[in-house]
Each structure stands twice: as structure tokens, then as C-alpha cells.
Amino acid sequence: QVQLVESGGGLVQAGGSLRLSCAASGSSFSINTMGWYRQAPGKQRELVALITSGGSTNYADSMKGRFTISRDNAKNAVYLQMNSLKPEDTAVYYCNVKGLVQRRYFEVWGPGTLVIVSS
């Protein structure tokens, strides 16, 4: 079973920065895609950014140029550097990991970390 631990959320003023981290643990697994999603109050969960095992990235349009996703394959970790934060970035941010464990596909979500951007 693969589990995720997230960290790095908090309260920041508009224009500030935060860095989110997510680490996967378990046994006999390999990771393909790692990503971040977010869910604001009263809204559906939406994609923030994805990164493949080869390092290809994909961002939601509203995050391009402000957010940067990266990963450390040796640590089974993914990071989200968020700059120029806006109040509308306030949301719970969820880490998502897809891969194989014992040759079976898995997808797991982290518990979420709250980001609040004050104006």
C-alpha cells in the first residue's frame, strides 16, 4: 500500500510564496505521474500541475508562470513551488500519485494541505 504525506501549507499574504512537499512511502511500488490538485470552498477539485517520471510537466493555465512542479525520484517526492500567490489560490491542495504496486495500477491521494492567501 502506498501512502502520501504532505507538508508546506499555511497562511501567506498575497504576492508571497509557499512550497508544498509530498512524499510517497510503501513497498514494491513504482511511480509514474505525480501531481497536485486543489479544491477551493464550494468548488470542484481542479488540476494544478502534473509531472511524469520523465520530467514532462503540465500546468493549469492560471498557474503557468507562477507555480513550478518538480520531483525527486530517489525520494519518491514531488514539490510545488508557488510564487506570486493570489487570494484566489486559497484552497486545500492535494497530492496525487499514480503508478504500479506489485504490477497493479494504483492511484492515491494525500490528505490535503490548506493554503490560505490573504489580501
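**Note on side-chain pairs and burial**

1. Asp61 has a relative accessibility of 63% and so counts as exposed; the bands are under 20% relative accessible area for buried, over 50% for exposed and partly exposed in between, with a 1.4 Å probe and protein chains only. Asp61 forms a salt bridge with Lys64, and their closest N and O atoms are 3.2 Å apart. The term salt bridge stands for a side-chain nitrogen of Lys or Arg within 4 Å of a carboxyl oxygen of Asp or Glu.

2. A word on the model. It is predicted, so local features need pLDDT of at least 70 and side-chain atom pairs count only at pLDDT 80 or more, while totals for chains, interfaces and linings use all residues. Residues are numbered from 1 along each chain as its sequence is written, and side-chain values use heavy atoms, with hydrogens and water left out.

3. How many salt bridges are there? The count comes to 5. One of them joins the side chains of Asp89 and Arg38, at 2.9 Å from N to O. Asp89 lies in the loop between β8 (77-82) and β9 (91-101), and Arg38 lies in strand β4, so this pair ties together parts that are 51 residues apart in sequence. Strands are DSSP runs of E with at least two residues, helices are runs of H or I with at least four, and both are numbered from the N terminus. Both Asp89 and Arg38 are buried.

4. Asp89 also meets Arg66 in a salt bridge, at 2.7 Å from N to O. This pair links distant parts of the chain: Arg66 is in the loop between β6 and β7 (67-72), Asp89 is in the loop between β8 and β9, and the two are 23 residues apart. Asp89 is buried, with a relative accessible area of 1%, and Arg66 is buried at 10%. Through shared partners, salt bridges join Arg38, Glu46, Arg66 and Asp89 into one network.

5. The structure has 2 aromatic pairs. Rings of Phe, Tyr and Trp (its six-membered ring) pair if their centres lie within 6.5 Å; planes under 30 degrees apart count as stacked, over 60 as edge-to-face, and the rest as tilted. The rings of Phe29 and Phe106 have centres 6.4 Å apart and planes at 85 degrees, so they are edge-to-face. Phe29 is in strand β4 (residues 29-39) and Phe106 in strand β10 (residues 104-109), so the pair ties together parts 77 residues apart in sequence. Phe29 and Phe106 are both buried.

6. Tyr37 and Trp109 are also edge-to-face, because their ring centres are 5.0 Å apart and their planes are at 65 degrees. This pair too links distant parts of the chain, with Tyr37 in strand β4 and Trp109 in strand β10, 72 residues apart. Is each residue buried or partly exposed? Tyr37 is buried, with a relative accessible area of 16%, whereas Trp109 is partly exposed at 35%.

7. Two arginines sit over rings. A charge sits over a ring if NZ of Lys or CZ of Arg is within 6 Å of the ring centre and within 35 degrees of the ring normal. Arg19 lies over the face of Tyr79, at 4.2 Å from the ring centre. Arg45 lies over the face of Tyr94, at 3.7 Å from the ring centre.

8. Thr52 is in the loop between β5 (46-51) and β6 (57-59). Its relative accessible area is 28%, so Thr52 is partly exposed. Apart from neighbours within four places in sequence, Thr52 is in contact (heavy atoms within 4.5 Å) with Asn32, Thr33 and Arg71. Thr52 and Thr33 are 19 residues apart in sequence and 4.4 Å apart in space, C-alpha to C-alpha.
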